[in-house]
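Me: I have a structure open and would like to go through it piece by piece. Can you help me read it?

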Amino acid sequence: MLLASQAPEPRDPAYGLWVARARLRFGALFDPLERLGLWALRETPGWRLAWAALGLSLLVHALEAAAARRRWAALSAAALLGAILVGIAGEALPPPLSVSLAPGEGRSVGAFWLTLEEGRIVLWEQGNPVGGLTFAPNRPLRLGPYIALAWREGAVLELRAAGPEGPLTLRAALDAPPVSSLLLRPSPEGEAFAALPQAGWILRLSLPRTLTVFREGTGEVVWQEALPLLRDGETLERALPGGYALALTARPVYRIVLLSPLAFAQWVLSGAMALIGLLAGALQILPAAFARRSRSPGHAEPGPPTA
């Protein structure tokens, strides 16, 4: 699963970005691997059959260990089997909703609209807030009818521009409304664009973090640079020809997952049972391993004295 990262649902707003990154990572291998179903292993019959075989194996181990009065081995197999069964039961629950957001952005999640501001996350329904609280990643949050889990997923660059007479406006596309700043986030094609109409320039951010400035109409390259990796909040300023300047600030991107309270309880229960199973298995294996080591040559127990 770690080597073959699993694609989000096609209806997920993050699906296009995932495909762009996966294509850049795997190149020409992406399409044949996609036809093999590698990016959606959870949906294949073979993957489900593997879990069924594992569950049956754990059931046999639990019964054998219980008959042999090996309580830690029996508990380990039973807890791991329980984790699988609870996970399978969770398939009947509504699937989690997920979205990637940087501070200052908003995205549609199901029938709701989710916004993330500096230090605050708000869930909206038809223009009315149904839940809002201080944003705190890496811990569960109660957000309206959902439990929200959030963690840092990556970073984007906030772009601002200035000219000889002061700050300038930018556009996400030539026909988009002007804004004072833009978040340069790679598009499904792997590139993010911005337009600086006052200078007649087009700015393109390509993975991995190469910024190129073109002259509109001719395509002449005005400036190009491989940007350094910036920490969250760090700003890189560059002076360009004609008295123009760009400021790029790194902003964190968070993956936010919304679950129903029942689905969250299922996640917690399944994870706790898996952890119990692994710890019980360790308690069964480690004493036996140390006992074998103590009986190995050089660690023989003293015997009765010989005549």
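What follows is a chat about helices, strands and salt bridges.

Me: What kind of model is this, and how are residues numbered?
Reply: This is a predicted model, in which local features need pLDDT of at least 70 and side-chain atom pairs count only at pLDDT 80 or more, while totals for chains, interfaces and linings use all residues. Residues are numbered from 1 along each chain as its sequence is written, and side-chain values use heavy atoms, with hydrogens and water left out.

Me: Start with helix H1. Which of its residues are buried?
Reply: Leu17, Trp18, Val19, Ala20 and Ala22 are the buried residues of H1. Buried means under 20% relative accessible area, exposed over 50%, and partly exposed in between (1.4 Å probe, protein chains only). Helices are DSSP runs of H or I with at least four residues, strands are runs of E with at least two, and both are numbered from the N terminus.

Me: What do the buried residues of H1 pack against?
Reply: They pack against helix H2 (30-35), where contact means heavy atoms within 4.5 Å. Just after H1, Gly27 takes a positive phi of about 60°.

Me: And helix H4, how far does it reach?
Reply: H4 (residues 71-89) has 19 residues and reaches 26 Å from its first C-alpha to its last, close to the 27 Å expected at 1.5 Å a residue. The expected span is 1.5 Å times one less than the number of residues. Buried residues in H4 include Ala73, Leu81, Ile84 and Val86.

Me: Switching to strands. How many bridges join S3 to S4?
Reply: 5 bridges join S3 (residues 112-117) to S4 (residues 120-125), and the two run antiparallel. Two strands count as paired if DSSP finds at least two bridges between them. Leu114 has Leu123 in S4 as its bridge partner. The hairpin of S3 and S4 has 2 residues between the strands, and Gly119 there takes a positive phi near 85°.

Me: What about S4 and S5?
Reply: S4 is joined to S5 (residues 128-134) by 6 bridges, again antiparallel. Ile121 has Leu133 in S5 as its bridge partner. In this hairpin Gln126 takes a positive phi near 55°.

Me: In what order do the strands of the open sheet stand?
Reply: The order is S10-S11-S12-S13, 4 strands with antiparallel pairing. S10 (191-196) and S13 (221-226) stand at the edges with a single partner strand each, so one side of each has no neighbour in the sheet. S10 and S11 (residues 201-206) pair over 6 bridges, with Ala195 opposite Ile202 in S11.

Me: Now salt bridges. How many does the structure hold?
Reply: The structure holds 8 salt bridges. A salt bridge is a side-chain nitrogen of Lys or Arg within 4 Å of a carboxyl oxygen of Asp or Glu. One of them links Arg152 and Asp232, with the closest N and O atoms 2.8 Å apart. Arg152 lies in strand S7 (residues 146-163) and Asp232 in the loop between S13 and strand S14 (235-240), so the pair ties together parts 80 residues apart in sequence.

Me: Is Arg152 buried, exposed or partly exposed?
Reply: Arg152 is partly exposed, at 43% relative accessibility. Asp232 is also partly exposed, with a relative accessible area of 37%.

Me: And Glu158, which residue does it meet in a salt bridge?
Reply: Glu158 meets Arg251 (2.8 Å, N to O). Glu158 is in strand S7 and Arg251 in strand S15 (residues 244-259), so this pair ties together parts 93 residues apart in sequence. Glu158 is buried at 12% relative accessible area, whereas Arg251 is partly exposed at 25%.
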